Amino acid sequence: MTTDYSKQKALIIEDMAEARILQKKMLTDFGFVDIDVAMKAETAIELLKSRRYDVVFSDYNLGNGKDGQQLLEEVRHSELIPNTSSYLMVTAETSIEMVMGAIEYQPDGYITKPFSQALLQRRLQKLIETKIKLYDVNQALDNKDYRAAIKAADEALKTYPYLESKCTRIKGDCYLELKEYDQAIELFSEAMADRKMPWALFGLAKAYFFKDQYDEAEPRFRQLTLDNRFFVNAYDWLAKCLLKQNKKEEAHATLLEAIEKSPKAILRQMELGRLSMEMGNYDVAEGAYRKAVFLGRYSVHNHYSITINHLKTFLGMAENGQLQTKQLDSFQSSVARAQKRFMHQPEAKAQVYQTEIELYLALNDLQRATLSFTAWNKDISSNSALPPPKEFEAACAPLLGIESVGDSNE
Amino acid sequence: MNKLDIGTLLASLIHESKNTVGHLMFQTQTAKSNFPPSDTMYEQLDNIESDLKRLNDCWVEYLYLYKLASNGYDIQCDTYAVDDFLDEQVFVLKPSAKEHKIGLTFICDANLIGIFDERLLISVISTGFYNALRFAHKQIIFKAEKVDHFLVISIEDDGCGFDNTEDDGCGFDNTEDEGSVLTEYNTSLGLHFAELTAKAHSNNKQHGYIEKASSETLGGASLKIYLPQ
């Protein structure tokens, strides 16, 4: 059976020009007509947001930005690629461990470099054949009809016994989605009885976690971090589990360990920032949010609140009398950058002003606070910033000895 | 680097060389596309490609060998249709077999399912294949079957067999020759790699192992890799 690729849309993500040209030629030879090419992860995300691709063909190594695995995690997490499409990762022999070790988000298939055109064609063909065999399952997953997906997985299993581990995993994940945790536990435990498969252990740990049985979940997440050093997401889950049990210090240490292994994950940096803030560890929080702001520039998780949270770490330092001159400088340049970046986001701009004023008030620097308040007023009149929330205004206007913005507008 | 670690040094050297080999393979493929398959040039480039693949497979073996021996490899098992898996190995190694005028096939029940680390097994099979290629007269086969709780994958040839020292340089007249000594070393390294791979596979306290036997089908050597299921 050969697939007719002429109607399928393909996306190649590859940073090396030579490989890009060769891969495009290979796909053209297979019969693809509609092929888009992205040189880096950020471009790929933009393309994936605007178009639906049948086949995504991504290199693991994408130069200085995000790597192929991070891109995959973001794409899967944000559902930018349907389950019915195929995601093929091109890796080197040295990076394949990292890709397949990341149990939570895996590509549908992989091919290690160097490969011949014939092998690529074969792997792609096999991948698509499996997608066809599991079409009903994947379509149900895309429709979030988990009940139907379980049924379809059972059907597929009858015809294709070798898909057992894939189908069992899908079914278990569906039970988790349906919040039928006992069913999930039964299924994953059964799978574990034959052999300790990491996905089954992971599923089991999650099921216990969602059932609030943290004493059962914790050792399993911990085991996953020990079994496979490339499954860094297991650390995130372990940290979540520890937090639920109010073991903040341990959770913090776990997140730090995960960040040391894989610092480029924005959600992890955000979580470390949030927890560090909560624990009053503003230095660590500042570093984490600073990295999150940086990573956010090209991420689907980007939101102005990350910048605001970053600024609030300085406020935390100021309120505790820990803010050094160097950090104040850093705060001021962050504010300046944020104001520029949020030129067209009145809501974000307002929050930057608010944090700035709060910080100067904490430092007892009324002069700077007033200057900031005046600038805010100016931006409000040109509609580039929202007015302050009532409570904030009521609290700080008397301190600054000025009329509140609301009054002056009336 | 405080102390020169020869292992790491070699591993990084191999890594770099592998990249170059990969680059050469891509270039050969590009060059090949300029000729029709009937052209002799095409055939020559095909042979160059096979040899480069062999070199690449060799580097891959050494990389995994290094990782396994230094406890730096996390085994990642998944479930596979063994029939499909062997079909692919035959598919990728066939050009090399053809170049040496050796037939290559596989025997496996179409419904056989196996759990193993795919990357390691691909490397073990290619290593075993290149080894068999040196001794085979006409034929090499890959076989897979389930025996008790083990998946047994064997690489068999119609050469002189392990009993007649296929693993220490049979077929070489001049044993004084440095080349044959190195070849011999290479063969035992290949066996060592297969053994480490088999051992790395475990389930329910059972570990994998290898067996040097003779091929019932072809009469030559048979390298059997036992993987607990």
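Me: How many of the six residues of strand β4 (residues 86-91) of chain A are buried?

Reply: This is a predicted model, in which local features need pLDDT of at least 70, side-chain atom pairs count only at pLDDT 80 or more, and totals for chains, interfaces and linings use all residues. Residues are numbered from 1 along each chain as its sequence is written, while chains are lettered from A and ligands numbered from 1 in the order in which they are written. Strands are DSSP runs of E with at least two residues and helices are runs of H or I with at least four, both numbered from the N terminus; a residue is buried if 20 or more other C-beta atoms, placed from the backbone, lie within 10 Å of its own, exposed if 12 or fewer, and partly exposed in between. On that count β4(A) is mostly covered, and the number of its buried residues is five.

Me: Which residue of β4(A) stands opposite Asp59(A)?

Reply: Strands pair if DSSP finds at least two bridges between them, and five bridges join β3 (residues 55-59) of chain A to β4(A) in a parallel arrangement. The two strands also belong, with helix α3 (residues 68-77) of chain A, to a β-α-β unit that is right-handed, meaning that, with the strands pointing away from the viewer, the path from the first strand over the helix to the second runs clockwise. Within this pairing, the residue opposite Asp59(A) is Val90(A).

Me: Which residue does a cis peptide bond join to Lys113(A)?

Reply: The cis bond has an omega of about -5°.

Me: Which strands are the edge strands of the open five-stranded sheet in chain B?

Reply: The sheet has mixed pairing and the order β2-β4-β5-β9-β8 (chain B). An edge strand here pairs on one side only, and the two that do so are β2 (103-108) and β8 (209-214) of chain B.

Me: At what angle does helix α4 (residues 118-135) of chain B run to β5(B)?

Reply: Strand β5 (residues 150-157) of chain B pairs with β4 (residues 139-147) of chain B in the antiparallel sense over eight bridges. Angles run from 0 to 180 degrees between N-to-C directions, with axes fitted to C-alpha atoms, for helices over the stretch in contact. Helix α4(B) lies across β4, β5 and β9 (221-228) of chain B, and its angle to β5(B) is about 25°.

Me: Which element supplies the largest share of the side of chain B that touches chain A?

Reply: Contact requires that C-beta atoms, placed from the backbone, lie within 7 Å, and 23 residues of chain B are in contact with 21 residues of chain A. Elements that each supply at least two residues to this side of chain B include α2 (40-69) and β1 (78-81). The largest share is seven residues, and the element is α1(B).

Me: Is Lys205(B) buried or exposed?

Reply: Lys205(B) has a positive phi of about 70° although it is not a glycine, and its place is the loop between β6 (202-203) and β7 (206-207) of chain B. Because Lys205(B) has 6 C-beta neighbours inside 10 Å, it counts as exposed.

Methods:
Contact = placed C-beta atoms within 7 Å.
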